[in-house]
Amino acid sequence: MTAVLEVLVPGLLTTVQDAGRPDAARLGVPPAGACDPRGLMVANALLENPPGAPAVEITLGGVELTVRETTVLALGGADLGAVVVEEGRALAAGASHLVWAGQTIRFIGRRAGIVRGARAYLALPGGIDVPEVLGSASTCLVAGFGGVDGRRLRVGDLITGRRPSDPSLAGRAWPGPIVGDVTVVRVVAGPHGSRFGGRALDALTRRDWVVRPDSDRMGIRLSGPPLRHRHQGGSLVSVPVLWGAIQVPPDGTPIVLLADHQTVGGYPVLAVAIRADRSPLGQLAPGDPVRFELVDLAGAAAAWDTERAREAAVLGALARDERWHDHWRWAGS
Amino acid sequence: VTTPSRIVPFGEAAFLVVLGERISAPLNRRTHALDSAVRERFHRDDGWGEPVPAYASLLVPFDPDRVPAADARARLAALVTAVEQSGIPPERPGPLVEIPVRYGGADGPDLDEVAERLGLSPREVVALHAGRTYRVFMLGFVPGFAYLGSVAPRLVLPRRATPRPRVPVGSIGIAGRQTAVYPFATAGGWHLLGRTDVTLWDPASDRPARLAPGDRVRFVPTGGPS
């Protein structure tokens with residue numbers, strides 16, 4: 001395949017991620033996958049890739065890539081200030097772009113005034129070409145498999161798409177929001193409510209929390225006044241846990257589990273983030289404020305339906321846009 | 001084991017079946033009997049996910065767009081009742097896996113300290129650790145990490161105050177009533193008694209995790225103090 005980027009500066013944490021491997025949890029394998037599944041879907045949709053095709057997940061910026069062969073690429077998720085260095089051309093998030101052999105792409109990072117989001121997704125035609133392990137191309141960092149040699153990207157790594165570049169896919173823009181409102185995450189009550197005092201859910205939902213710097217792809221650690229367990233309620237015989245679970249360790253400071261979470265946990269789960277808010281959750285960065293809002297299961301289901309309908313509408317608009325786009329199709333590169 | 005199981009929602013797209021709040025072989029057998037029943041009857045094509053078993057609980061994911069939560073709960077409840085009414089499955093001995101271990105020295109850097117803290121000689125610690133057949137209760141922590149139990153009461157220690165940032169692959173540790181082999185190099189807080197060359201995790205193989213719940217494990221000393 002021909003679309004090739006080379007990693008010049010790998011940044012904080014840059015990995016290949018797709019829709020993850022939820023079915024391997026019974027082997028102790030974290031689900032992995034994009035922390036913001038919607039950002040992944042947007043980047044892929046712009047290139048007509050399957051929604052869960054592998055893309056490069058970039059954390060907070062500080063990344064530089066050399067274009068070895070002219071290609072179309074697409075960006076989803078957070079706006080991390082991507083520019084083509086030689087031209088000073090900004091590469092908008094939620095859009096596809098043509099970049100030329102020899103150019104350098106730099107992700108400057110979160111810019112003042114654009115405070116939303118921590119993770120950007122870079123898609124190439126057909127998805128990033130890496131082998132699938134246990135049904136997924138995602139990088140399992142803890143066990144060192146999947147993605148590129150089971151590790152974060154480093155200097156000199158080559159990134160290739162699974163399809164030849166089709167320049168006619170350049171210049172498309174996602175006709176909907178790119179990164180949603182990150183400040184409120186809706187939750188349902190968790191399975192271990194009885195382990196906490198009666199007002200623990202109130203305490204979780206009635207105040208602002210701040211994302212701690214030691215948060216990572218395993219979980220978002222929050223700072224704020226500790227939540228109280230009942231007497232000896234702080235630990236239990238380990239149970240299976242899942243993405244979005246809000247665990248409360250004995251010290252009372254909550255951890256919201258993300259894509260690389262361990263499959264079992266011994267801390268009581270006070271609440272669980274709803275599926276509709278999984279993507280905004282995955283866009284929280286250290287220092288960001290976050291609030292939690294309690295909904296019931298019916299509310300969570302309604303939120304999911306709303307999210308899906310919105311997504312379908314935007315995908316429809318993108319497809320209609322394509323007809324307009326065909327009009328402007330220009331031959332080859 | 002007499003307490004009936006509870007089914008609680010875990011988010012919108014999974015139920016957690018809690019069979020008990022203890023680590024016990026009978027509860028664990030029942031957990032895995034339920035796991036097998038769920039996998040047999042609830043299929044992906046019908047909107048169910050792969051269940052995840054732990055010590056005495058089972059996570060059963062489903063797609064609420066395809067299986068309404070109320071239906072999922074009713075079908076799961078019927079299955080739980082059926083498994084409970086069939087009693088605790090008899091202990092059908094699982095496959096026996098023998099793991100050769102080099103105890104002590106650089107391979108088991110905590111052996112001497114463990115012995116000292118427990119008022120035993122290193123040789124006695126090895127004899128106690130290798131003198132039992134363990135049961136695989138569950139996989140977790142990291143891929144292929146099998147929680148084995150239960151270690152002799154005289155070997156029970158809380159985990160290390162400060163975890164090691166990197167435990168070498170194949171290290172054998174103890175913590176509480178549990179023992180395990182680290183399937184690859186990773187951070188870990190257990191007391192390290194020895195090391196094996198047996199491969200426990202190979203994601204490229206048909207059976208990535210060498211140990212499965214219900215398997216029996218024996219550690220066979222091949223060196224060190226014995």
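## Chain A at a glance

Chain A has four helices and 20 strands, where helices (H or I, at least four residues) and strands (E, at least two) are DSSP runs numbered from the N terminus. This is a predicted model, where local features need pLDDT of at least 70, side-chain atom pairs count only at pLDDT 80 or more, and totals for chains, interfaces and linings use all residues. Residues are numbered from 1 along each chain as its sequence is written, chains are lettered from A in the order in which they are written, and side-chain values use heavy atoms, leaving out hydrogens and water.

Along the principal axes, the C-alpha atoms of chain A fill a box of roughly 70 × 40 × 35 Å. Buried residues account for 59% of the 333 in chain A; buried means under 20% relative accessible area (1.4 Å probe, protein chains only).

## Where the two chains meet

So what does chain B touch? In all, 38 residues of chain A are in contact with 39 residues of chain B, contact being heavy atoms within 4.5 Å.

There are six salt bridges between chain A and chain B (a side-chain nitrogen of Lys or Arg within 4 Å of a carboxyl oxygen of Asp or Glu). One of them pairs B:Glu12 with A:Arg275, at 3.6 Å, N to O.

## Chain A's side of the contact

Strand S15 (239–240), strand S19 (269–273) and helix H4 (297–327) of chain A each supply at least two residues of the side that touches chain B. H4(A) gives the most, with six residues.

Terms used: Buried < 20%, exposed > 50% of the residue type's maximum accessible area, 1.4 Å probe, protein only.
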